[in-house]
Amino acid sequence: VHSPDNGVGQEKSVKIVKELVEKELQQGIPSDRIVIGGFSQGGAMALASTLNMDKPLAGCVVFSGWALPKQELAKKLKESVNRNIPYLICHGTADNVVLPENGKFCFNMLKEANEKATLKLYEGVAHSSCPEEMNDLETFLRETLPPKC
């Protein structure tokens with residue numbers, strides 16, 4: 001899969017995301033109530049960060065993202081504490097910035113180890129979002145983060 005990223009700065013970015021999660025944990029938010037997500041490069045970092053976390057999260061959302069080959073995420077997935085959490089992978093079929101094959105690659109990689117991975121493709125959507133995608137996100141969050149009783 002052709003990745004639009006050269007990998008420069010990825011480890012630093014993953015470290016920053018992990019630090020942000022750690023701050024939430026220190027504020028009393030349980031790790032299983034945290035979902036990491038992002039769009040494009042943010043989606044790539046959300047996926048990489050989630051698989052590199054040492055605490056189980058509630059889920060991960062990747063909008064128009066990719067799995068950078070240098071990250072060896074398929075290998076990390078097998079050992080990650082987050083290998084079995086819900087993942088939502090969303091991609092527009094008309095995306096010419098991050099090709100839809102990248103979203104499919106992420107999904108297929110996750111699906112080998114995780115039945116909770118979901119791929120949503122949006123017909124005719126370019127490198128952007130659409131109302132249907134936001135509805136799918138809302139559904140995912142409601143299912144992944146149900147109200148506490």
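Predicted model: local features only at pLDDT ≥ 70, side-chain atom pairs only at ≥ 80, totals over all residues.
A residue is called buried here when its relative accessible area is under 20%.

Begin by selecting the strands. Four of them, in the order S1-S2-S3-S4, make up an open sheet with parallel pairing. Strand S1 (35–39) and strand S4 (117–122) are at the edges; each has a single partner strand, so one side of each lacks a neighbour in the sheet. On average, and with direction ignored, neighbouring strands of this sheet are turned by 10° against each other.

**Strand S2**

Select residues 59–63 next, which form strand S2. How many of the residues of S2 are buried? The count is 5 of the 5, so the strand is largely enclosed by the rest of the structure. In a regular strand, side chains alternate between the two faces of the sheet. In S2, Gly-59, Val-61 and Phe-63 point one way, while Cys-60 and Val-62 point the other way.

Towards S1, the pairing of S2 is parallel and runs over 5 bridges. Within this pairing, display Phe-39, which stands opposite Phe-63 in S2.

Now centre the view on Gly-59, which belongs to strand S2. Its relative accessibility is 0%, and therefore Gly-59 counts as buried. Neighbours within four places in sequence aside, Gly-59 is in contact with Ile-34, Val-35, Ile-36, Ile-85, Pro-86, Phe-140 and Thr-144. For a distance check, pick the C-alpha atoms of Gly-59 and Glu-24: these residues are 35 residues apart along the chain, and the two atoms are separated by 15 Å.

**Strand S3**

Move on to residues 87–92, strand S3, which pairs with S2 in the parallel sense over 4 bridges. Cys-60 has Tyr-87 in S3 as its bridge partner, and Val-61 stands opposite Leu-88 in S3.

Strand S3 is mostly covered, with 6 of its 6 residues buried. Tyr-87, Ile-89 and His-91 point to one side of S3, and Leu-88, Cys-90 and Gly-92 point to the other.

**The helix on the sheet**

**Two loop serines**

Return to the end of S1 and select Ser-40, in the loop between S1 and H2. Is Ser-40 buried or exposed? Its relative accessibility is 14%, so it counts as buried. Phi of Ser-40 is near 60°, which is a positive value in a residue other than glycine. Residues up to four places away in sequence not counted, Ser-40 touches Phe-63, Ser-64, Gly-65, Trp-66, Val-98 and His-127.

One of those contacts, Ser-64, is the next selection. Ser-64 lies in the loop between S2 and helix H3 (73–79). Ser-64 has a relative accessibility of 1%, under the 20% limit, and is therefore buried. Its phi is also positive, at about 50°, although Ser-64 is not a glycine.

**Helices H1 and H2**

Two packed helices are described by the angle between their axes and the distance between the axes. Select helix H1 (residues 10–26) together with helix H2 (residues 41–52): their axes come within 9 Å and cross at roughly 65°. H1 is therefore roughly perpendicular to H2. The crossing of the two helices is right-handed.

To see the contact itself, show the side chains on both helices. From H1, Gln-10, Ser-13, Val-14, Val-17 and Lys-18 take part; from H2, they are met by Met-45, Ala-48, Ser-49 and Asn-52.

**The cysteines**

Finish with the cysteine sulfurs. How many disulfides does the structure hold? The number is 0. Pick the sulfur of Cys-90: the closest cysteine sulfur, in Cys-130, is 8.5 Å away, too far for a bond. For comparison, a disulfide requires the two sulfur atoms to be within 2.5 Å. Cys-130 is likewise in no disulfide, its nearest cysteine sulfur being that of Cys-90. Both residues are buried: Cys-90 has a relative accessible area of 0%, and Cys-130 has one of 13%.

Notes:
Residues numbered from 1 in each chain as written. Heavy atoms only, no water. Buried < 20%, exposed > 50% of the residue type's maximum accessible area, 1.4 Å probe, protein only. Pairing = 2+ DSSP bridges. Axes fitted to C-alpha atoms, helices over the stretch in contact; angles between N-to-C directions. Parallel < 35°, antiparallel > 145°, perpendicular 65-115°, else oblique. Left-handed = near helix turned anticlockwise from the far one by under 90°. Contact = heavy atoms within 4.5 Å.
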